[in-house]
Amino acid sequence: MYMIDLISKKKLGQSLNKEELKFLTEGIANETIPDYQISAWAMAVYFQGMTNDELVEYTKDIINSGETMDLSQITGFSIDKHSTGGVGDKTSLVFAPIAAACGLKVAKISGRGLGITGGTIDKLEIIPNFKCDLAISDFIKVVNKVGMSIISQTSNLVPADKKLYALRDVSGTVDSLPLIAASVMSKKIAMGADLILLDIKCGKGAFVQDIVTARELAKLMVHIGKAFNKKIYAIISDMNKPLGRTIGNALELQEVILSLKNKGPEDLKILVSNLVALALLGAKKVKTLKEGIDKVNAMFTSEKPLQIFYDFVKSQGGDTKYLDNIDKLPPAKYIIKVKAQLLGYLDFTNNYALGELSVILGAGRTTKTDIIDPVAGIYLKQIHGQKVEKNSVIMELHTNKDQHFHQQFLDLAISTFQITNKKYDIKPIILEIIM
């Protein structure tokens, strides 16, 4: 069997059979297929897609490329939550301690940044001494002790996807729906949690930019989950504007702490409240979604979630003094102020470009070997729909890049929004819930 034949077959829109899919995933995992051929196959999938049966078989082979987890030692109802990624998405770091405070157990494997989206692991790794790589036994101990744990993907858990994940980031195939669905669901199924909870981002700052495509992706994921007899819920959330006010690792971690003190942005709070309420519903701890949301909103006023987050960081070796002083950390060398050129209402028209801007400031990767600058990013002084005065600061660009690039940064920042006389209706953050 030759990889070129599989590429050609998929290029023509034909389905790969079980033997071919097994050959493919084994070759990705053991690195007998070169990167350029894997990337070529991924591009063919991007244009031709996969059938549902082919997708389920491919996902099974991805899972079988490594080990699966046994979470039976976790005491309580375990949740594995995943976001498809968006600009300023720090949801998991607020969701997990809130859910744990409500009596759930969050056992989560997270990834690094992909394209314009930041990674949960990238954010956690800026905490000095924090360990993202734990043995599974230690991972389960932290979940049982604290109520939550977040670790990076282990080398023996779906290794074929880990390899492909990095190649997708640099080959223009990040937004392939079958590859997104298989990547997410292979990890979730291999984890073995009681409930899989999905946050599917939809809009200009996400890989999925319209509601029709978001529903299609949700259906693919739910189809895979049900094929493996998994309990699975999904939320489709708006990503036409940034989530919260921060984009970039240190800035977003500051916003996480503020949110756990009930001083964070309202859109993030609403999203987290709905996600945790769904988890409570799945665990049969509440009878209705509204009851769950009310319970979560009450928990936001408690000190318990922040304490759980501190206990989680400490249990994984992190320095909690860093969190105590997170507002006093040395900033980036340069802070570029982007100002309103006239009076009017602010409309973020190109959230994707805002994500691209954060990457070139240093907060993301353009190649899989790039090193992220933890203090680089964007702080939004004004939010979508807000009335702004002429010369007021719309956003601050934080970067350590040379001044030679600053005009480029400024021009791109200005292209991401417009100011008009029209007052915009603010769309709800939750677009649909799929149960």
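This is a predicted model: local features need pLDDT of at least 70, side-chain atom pairs count only at pLDDT 80 or more; totals for chains, interfaces and linings use all residues.
Student: Which strands stand at the edges of the open sheet of 6 strands?
Tutor: Let's start with the order, which is β3-β2-β1-β4-β5-β13, with mixed pairing. An edge strand has a single partner strand, so one of its sides is left without a neighbour in the sheet. The strands in that position are β3 (148-152) and β13 (430-434).

Student: How many bridges join β4 to β5?
Tutor: Strands of a sheet pair through backbone hydrogen bonds, either parallel or antiparallel. Here β4 and β5 run parallel, and C202 stands opposite D238 in β5. The chain gets from β4 to β5 through α10, in a right-handed β-α-β crossover. The number of bridges joining β4 to β5 is 7.

Student: What is the bridge partner of I79 in β4?
Tutor: Strand β1 (residues 78-83) pairs with strand β4 (residues 195-202) in the parallel sense, over 5 bridges. Within β4, the bridge partner of I79 is L195.

Student: Which residue of β13 does I235 stand opposite?
Tutor: β5 and β13 run antiparallel and are joined by 4 bridges. In β13, the residue opposite I235 is I433.

Student: Why is β5 largely enclosed by the rest of the structure, and which of its residues point the same way as I232?
Tutor: Good one! β5 is largely enclosed because 7 of its 7 residues are buried. In a regular strand the side chains alternate between the two faces of the sheet. In β5, Y233, I235 and S237 point one way, and pointing the other way with I232 are A234, I236 and D238.

Student: What angle does the direction of helix α12 make with that of β4?
Tutor: Helix α12 (residues 266-282) packs on the sheet, where it touches β1, β4, β5 and β13.

Student: Is F309 buried or exposed?
Tutor: F309 forms a tilted aromatic pair with F312, at 5.8 Å centre to centre and 55° between the planes. Both lie in helix α14 (residues 304-315), 3 residues apart, about one turn of the helix. Ring pairs also link F130 with F309 and F312 into a cluster. At 0% relative accessibility, F309 is buried.

Student: What is the relative accessible area of F312?
Tutor: The cut-off for buried is under 20%. F312 counts as buried because its relative accessible area is 0%.

Student: Where in the chain is K10, the salt-bridge partner of E54?
Tutor: Side chains of opposite charge can pair when their charged atoms come close. The side chains of E54 and K10 meet at 3.1 Å, N to O. E54 is in helix α4 (residues 52-64), 44 residues apart from K10, and K10 is in helix α1 (residues 3-11).

Definitions and conventions. Residues are numbered from 1 along each chain as its sequence is written. Side-chain values use heavy atoms; hydrogens and water are left out. Rings of Phe, Tyr and Trp (its six-membered ring) pair if their centres lie within 6.5 Å; planes under 30 degrees apart count as stacked, over 60 as edge-to-face and the rest as tilted. Helices (H or I, at least four residues) and strands (E, at least two) are DSSP runs, numbered from the N terminus. Buried means under 20% relative accessible area, exposed over 50%, partly exposed in between (1.4 Å probe, protein chains only). Two strands pair if DSSP finds at least two bridges between them. Contact means heavy atoms within 4.5 Å. Axes are lines fitted to C-alpha atoms, for helices over the stretch in contact, and angles run from 0 to 180 degrees between N-to-C directions. A crossover is right-handed if, with the strands pointing away from the viewer, the path from the first strand over the helix to the second runs clockwise. A salt bridge is a side-chain nitrogen of Lys or Arg within 4 Å of a carboxyl oxygen of Asp or Glu.
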